[in-house]
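Please have a look at the sequence and the structure before I start talking about the spaces inside it.

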Amino acid sequence: MALPLMDTLMARRAEKALRDDAYRSGRVHIADLFAQDARRFERLSLSACGLLADFSKQRIAAGTLEKLRTLAEARGLDDWIRCLFDGGEVNWTESRPAMHWRLRECKKNAPEVHEQLTLMEHIVNRVHSGQWRGCQGDAITDVVNIGVGGSDLGPLMASVALHEHHPETGGRPRLHFVSSMDGSQIAPLLDELNPGTTLVVISSKSFTTMDTLSNAATTRAWLERAFPEVNGALLRCHFIGVSACSERMTEWGIHQENQLRLWDWVGGRYSLWSCIGLPIALAIGMDQFREFLAGAHDMDQHFRSAPWDENVPVSLGLVDIWNLNFLNITARAVLPYDGRLKHLPAYVEQLEMESNGKSVTRSGEAVKHHTCPVIWGEVGPNAQHAFYQLLHQGTQPVACEFLVAARHGRRNGNSAALEPLEDQHGLTVANCLAQSRLLAFGEAALTPDQSLPPFMHYRGNQPSTTLMMDELSPRQLGALLALYEHKVFVQAVMWGINPFDQWGVEMGKRIAMEMIDVLNTGGGINELDGSSRALARYVRERQQN
């Protein structure tokens, strides 16, 4: 399938119109935009799949989004969306499709996916019912997920976010996540766990990732010391593997019945919908995990079929293009106003910066514009006491993304105990709305007071988007994460880059492997640059003393 082409002349005209808009926007405050249009919120907010996206506090003038859609048309976005969902080789540097959306399809359309989900459900049910036993016959109480990147961040984020949606029957194990290769996570964790009741999940698409396999080896040695006489039953009772490479799992010692499969058309940072999501299913049960998939599928269908002026992923992507490429706002803060979403900023950082942190176009030329902004974030109430000072009174513009649920939606606990929690949630929502208002309007959001000294002035005009869920449920979290995935794809099309490879990451791994030999043997040390050579010698000297 041929990749879509761009209408170069149309793109240049659209870019010129947008540059003119950006020049005018530099002279207009967000407060003035609201004063000029009483229906601004109605014109610049969209709803889909239980999510409300409010773009009205962005520095967008009337007609700007239409010009952005014209640019998207010139860059062939419609054809690219069709190509993605038709299984075209949108990951052209690796000659493969990107079909993470297929992980959310119905059984009829994706039978191989549902075969693996059935195997995963069998594991989940055995653990929850106490039927999965350790090598000495004890029920599993703790599950350790060993992964890194997409095999860690996605499952960690979602299982924490949805922790309250646990199964009504059966026992849920405690979940632990290990990713750091330096042993700082795994060592203290193993000191606290009972080896006889611990199940280990090794998640690695290639099953060659150094970080993951080093932690897996440490855990295996810990279990072998605890049960030296068990041999083969140890691996069968205490290890599960999730990978696209069955042969490597088998070589490592993972029993065939304990292997869950991935496919090469699933990128690591897009893989939590697959059996990489086993920890999520262990946290919330398979019924709720399927709700999680269904929410993502809802967003897939919306992205594929909704007109662009109603399409939330398209609009979210285009607004970010506007901020970065036309207003030159090169940073974005992701600010969830919900402690359950505390790992979402890190998840978004990886999804967007690993996907779109690229500088070469489809034609192999250097890009002539910014691609991905610098993204960071924190839970909003904590961030208010950390870096909001910079947002309100600093010297550089930062685009902000507020995420909040309209109601808490806690599922477990008696109603009397939940009343204070709902009050706290109301306080959190109030802070979210207040902060976005102050960032946008500055002093205009305050009670008029002409006596404020200069150091207390708030300039405002900091653009933000608010993404509001009805409640934080598996289905709506699934829709939210799929929204981010599709937004990343929209941006990649606009920038002419491949969001599905990560050659910078791969090169870093290769250089690291070479450096291990330098540190262990000193071989090749004289071929390094002066700084690396001196640092390697310093390390070797200290290790030998």
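This is a predicted model: local features need pLDDT of at least 70, side-chain atom pairs count only at pLDDT 80 or more; totals for chains, interfaces and linings use all residues.

Residues are numbered from 1 along each chain as its sequence is written, and side-chain values use heavy atoms, with hydrogens and water left out.

Let me begin with empty space, which shows up when a probe the size of a water molecule is rolled over the atoms. The search runs on a 1 Å grid over the protein atoms alone: a cavity is a set of points where a 1.4 Å probe fits but cannot get out, a pocket is an open set with protein on both sides within 12 Å along at least five of seven lines, and a lining residue has an atom within 4 Å of a point. Points are joined across faces, edges and corners, and the volume is the space filled by probe spheres set on those points.

The largest pocket has a volume of about 860 Å³. It is lined by 37 residues, and those closest to its centre are K205, S206, Q502, E506 and K509. Two or more lining residues come from each of α9 (210–226), α15 (344–356) and α20 (503–521), where helices (H or I, at least four residues) and strands (E, at least two) are DSSP runs numbered from the N terminus. The largest share, five residues, belongs to α20. Sorted by class, this lining holds 13 nonpolar, 15 polar and nine charged residues; here Ala, Val, Leu, Ile, Met, Phe, Trp, Tyr, Cys and Pro count as nonpolar, Asp, Glu, Lys and Arg as charged, and the others, Gly among them, as polar.

What is the volume of the second largest pocket? It comes to about 670 Å³, and of the 23 residues in its lining, E15, R75, K368, H369 and M494 are the closest to the centre. At least two lining residues each are supplied by α1 (8–25), α14 (312–326) and α19 (474–495), and α1 gives the most, with five. The classes here are 10 nonpolar, six polar and seven charged.

The largest cavity contains about 60 Å³ of space, and its lining consists of D320, N323, L324, I329, A331, R332, P373, A399, Q491 and W495. The elements giving two or more of these residues are α14, β8 (331–336) and α19, with α14 giving the most, three residues. Six of the lining residues are nonpolar, two polar and two charged.

The second largest cavity holds about 40 Å³, and L391, H392, L438, L439, Y458, R459, G460 and Q462 line it.

Next come the rings, where rings of Phe, Tyr and Trp (its six-membered ring) pair if their centres lie within 6.5 Å, and planes under 30 degrees apart count as stacked, over 60 as edge-to-face and the rest as tilted. The whole structure has 14 aromatic pairs. Because W376 lies in strand β9 (residues 374–377) and F387 in the loop between α16 (380–383) and α17, the pair ties together parts that are 11 residues apart in sequence.

Not counting residues up to four places away in sequence, Q58 touches I30, L33, R40, V319, N323, P463, S464 and T465, where contact means heavy atoms within 4.5 Å.

The other residue, L472, lies in the loop between β11 (464–469) and α19 and is buried at 0% relative accessibility. The C-alpha atoms of L472 and A406 are 8.8 Å apart, although 66 residues separate the two along the chain.

Methods
Buried means under 20% relative accessible area, exposed over 50%, partly exposed in between (1.4 Å probe, protein chains only).
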